[in-house]
Amino acid sequence: MQISVEVVFKALADPTRRGIFERLTRDGEQTVHALTQAGSVSQPMVSKHLAALKRARLVRDRRRGRETHYRAQPEALSPLFDWMTHYATFWKGRFDRLEDLLKRMDP
Amino acid sequence: MTTATRSLVIEREMPHPPEQVWRALTEGPLIKEWLMDNDFQPVVGHSFQFRSTPVPNWNGIIDSQVIVVEPNKKLSYSWGSLGLESVVVWTLVATEGGTLLRMEQSGFRADQEAAYKGANYGWQNFIGGLERVVSGLE
């Protein structure tokens, strides 16, 4: 199932969440513990942010022993690119129609 | 990081004078012919809607507000749809053969009314960050 662009936008709207996502993208898989140590946010808050990122499919988790490991799923960003592509197609079509209209407006 | 990567730009030269292109961009019945039904008025601050045929999961409505009106030169309005807000800027430049028309849609960001933390976060910054993330993949 495709996640809507709105869900992805909202998940990344929060600067802390975006920071976590960027860190996972840059540094690879991390535990909640490691992510908490790296930032200034409490562990329950980090877990909450990770849950929001997971709902948007921006991260995946896997349990190993007592720790849950998270990693980024950058392909989840694709709805954003789809959305931009949608508008590119939309405006090109409208430009064509505008050109037709301008021709008809000529005396 | 350039502006182009953070926004959508379409440019086309039209063999018609800016005054004529301006009419097509700012007169409601003319806008309807090429873009969408609307209650647009070329008045800064005017709130209006573009209305198209509803489709599944979309009511067909774009909520907008006029931001800039510089006759025959520049027109800008916000473009809110599905809880996402962006800004559309039209620029008209007179050329020898007519008008160079440029459309830029940018500043994709979450709707101000969406009640969640970080709603005011600039989407341009976000797209910039996104670009870094994506280039990091390669």
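## Secondary structure of the two chains

Chain B holds four helices and seven strands, where helices (H or I, at least four residues) and strands (E, at least two) are DSSP runs numbered from the N terminus. From the N terminus on, its elements follow the order α-β-α-α-β-β-β-β-β-β-α. Chain A has five helices and three strands, arranged along the sequence as α-α-β-α-α-β-β-α.

This is a predicted model, in which local features need pLDDT of at least 70 and side-chain atom pairs count only at pLDDT 80 or more, while totals for chains, interfaces and linings use all residues. Residues are numbered from 1 along each chain as its sequence is written, and chains are lettered from A and ligands numbered from 1 in the order in which they are written.

## Burial and contacts

A residue is buried if 20 or more other C-beta atoms lie within 10 Å of its own, exposed if 12 or fewer, and partly exposed in between, with C-beta atoms placed from the backbone. Buried residues make up 27% of the 107 residues in chain A and 22% of the 138 residues in chain B. Helix α1 (residues 5-13) of chain A is mostly covered, with seven of its nine residues buried; among them are Val5(A), Phe9(A) and Leu12(A).

Two residues are in contact if their C-beta atoms, placed from the backbone, lie within 7 Å. Among contacts between residues at least 6 apart in sequence, those joining residues at least 24 apart account for 59% in chain A and 37% in chain B.

## Nonpolar cores

A nonpolar core is a set of buried Ala, Val, Leu, Ile, Met, Phe, Trp, Tyr and Cys residues joined through C-beta atoms within 7 Å. The largest has 21 residues, of which Leu102(A), Val21(B), Ala24(B), Leu25(B), Trp79(B) and Val88(B) touch the most other members. At least two residues of this core come from each of α5 (78-105) of chain A and α2 (18-26), β5 (74-81), β6 (84-94) and β7 (99-110) of chain B. The largest share, four residues, belongs to α2(B).

Leaving aside residues up to four places away in sequence, Val21(B) touches Leu102(A), Met14(B), His16(B), Leu92(B), Thr99(B) and Leu101(B). A second, separate core of 20 residues includes Val46(A), Leu50(A), Leu53(A) and Ala76(A).

## Helix packing in chain A

The axes of helix α2 (residues 15-27) and helix α4 (residues 43-55) of chain A come within 10 Å and cross at roughly 75 degrees. Axes are lines fitted to C-alpha atoms, for helices over the stretch in contact, and angles run from 0 to 180 degrees between N-to-C directions. The two helices, α2(A) and α4(A), are therefore roughly perpendicular, a term that covers angles of 65 to 115 degrees.

Thr16(A), Arg17(A), Ile20(A) and Phe21(A) of α2(A) meet Val46(A), His49(A), Leu50(A), Ala52(A) and Leu53(A) of α4(A).

## Strand pairing

Two strands pair if DSSP finds at least two bridges between them. Chain A has an open sheet of three strands in the order β1-β3-β2, with antiparallel pairing. Its edge strands, β1 (30-31) and β2 (59-64), each pair on one side only. Two bridges join β1(A) to strand β3 (residues 67-72) of chain A, and Gln30(A) stands opposite Tyr70(A) in β3(A).

In chain B, strand β4 (residues 61-70) runs antiparallel to β5(B), with five bridges between them. Val69(B) stands opposite Leu75(B) in β5(B). These strands, β4(B) and β5(B), form a hairpin with three residues between them, and Asn72(B) in the turn has a positive phi of about 65 degrees.

Note on methods
Angles under 35 degrees count as roughly parallel, over 145 as roughly antiparallel, 65 to 115 as roughly perpendicular and the rest as oblique.
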